[in-house]
Amino acid sequence: MTVSNKLEQLFTGRPNSYVPAHTTGNTFGISRGRTPDGLNHIHHWGMGLITAPVRAIMAYNGMTGPYASFIFMALRLTADEVLEYNAGTTPKPWTLPIMDQTVDLLHKFVFAFVSG
């Protein structure tokens with residue numbers, strides 16, 4: 001996802017997002033001011049460690065291909081949105097600007113298809 005993030009930022013001019021750092025900081029009571037990049041990495045690696053075993057179980061049971069990747073994308077997106085909303089770092093997903101929603105879906109799509 002890092003490569004797709006940087007490519008997308010190159011084209012859109014969007015700055016780095018620290019929503020993952022804020023989510024991790026709020027969830028665990030960590031001051032996010034000093035190490036936002038580190039907390040971003042912790043969030044992304046942690047979400048990968050939590051959701052990737054589900055993808056492995058899907059593949060083990062024969063759920064492969066684009067259909068399984070779309071299901072996994074929905075799982076990965078849901079996990080992020082629930083955690084971010086409950087940590088108080090984002091509003092309800094459907095109230096976000098369409099560009100933010102599109103970018104989030106794009107990166108979850110890349111993650112789901114690369115890991116599948």
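**Close-up 1. Phe-70, Phe-109 and Phe-113 form one aromatic cluster.** In this predicted model, a search of the whole structure finds 4 aromatic pairs. For the rings of Phe-109 and Phe-113, the centres lie 4.5 Å apart and the planes meet at 40°, so this pair is classed as tilted. Both residues belong to helix 5, where Phe-109 and Phe-113 are 4 residues apart and are therefore separated by about one helical turn. Phe-109 has a relative accessible area of 34% and is partly exposed, and Phe-113, with 30% relative accessibility, also counts as partly exposed.

**Close-up 2. The largest nonpolar core is made up of 6 residues.** Its members are Met-58, Ala-68, Phe-72, Met-73, Phe-111 and Ala-112. At least two residues of this core come from each of helix 4 (65-86) and helix 5 (98-115), and helix 4 gives the most, with 3 residues. In soluble globular proteins, nonpolar side chains tend to be buried together.

Close-up 3. When residues up to four places away in sequence are not counted, Ala-112 touches Arg-55, Ser-69, Phe-72 and Met-73.

**Close-up 4. Arg-76 lies over the face of Phe-111.** The distance from Arg-76 to the ring centre of Phe-111 is 5.2 Å.

Definitions and conventions. Residues are numbered from 1 along each chain as its sequence is written. This is a predicted model: local features need pLDDT of at least 70, side-chain atom pairs count only at pLDDT 80 or more; totals for chains, interfaces and linings use all residues. Side-chain values use heavy atoms; hydrogens and water are left out. A nonpolar core is a set of buried Ala, Val, Leu, Ile, Met, Phe, Trp, Tyr and Cys residues joined through side-chain atoms within 4.5 Å. Buried means under 20% relative accessible area, exposed over 50%, partly exposed in between (1.4 Å probe, protein chains only). Contact means heavy atoms within 4.5 Å. Rings of Phe, Tyr and Trp (its six-membered ring) pair if their centres lie within 6.5 Å; planes under 30 degrees apart count as stacked, over 60 as edge-to-face and the rest as tilted. A charge sits over a ring if NZ of Lys or CZ of Arg is within 6 Å of the ring centre and within 35 degrees of the ring normal.
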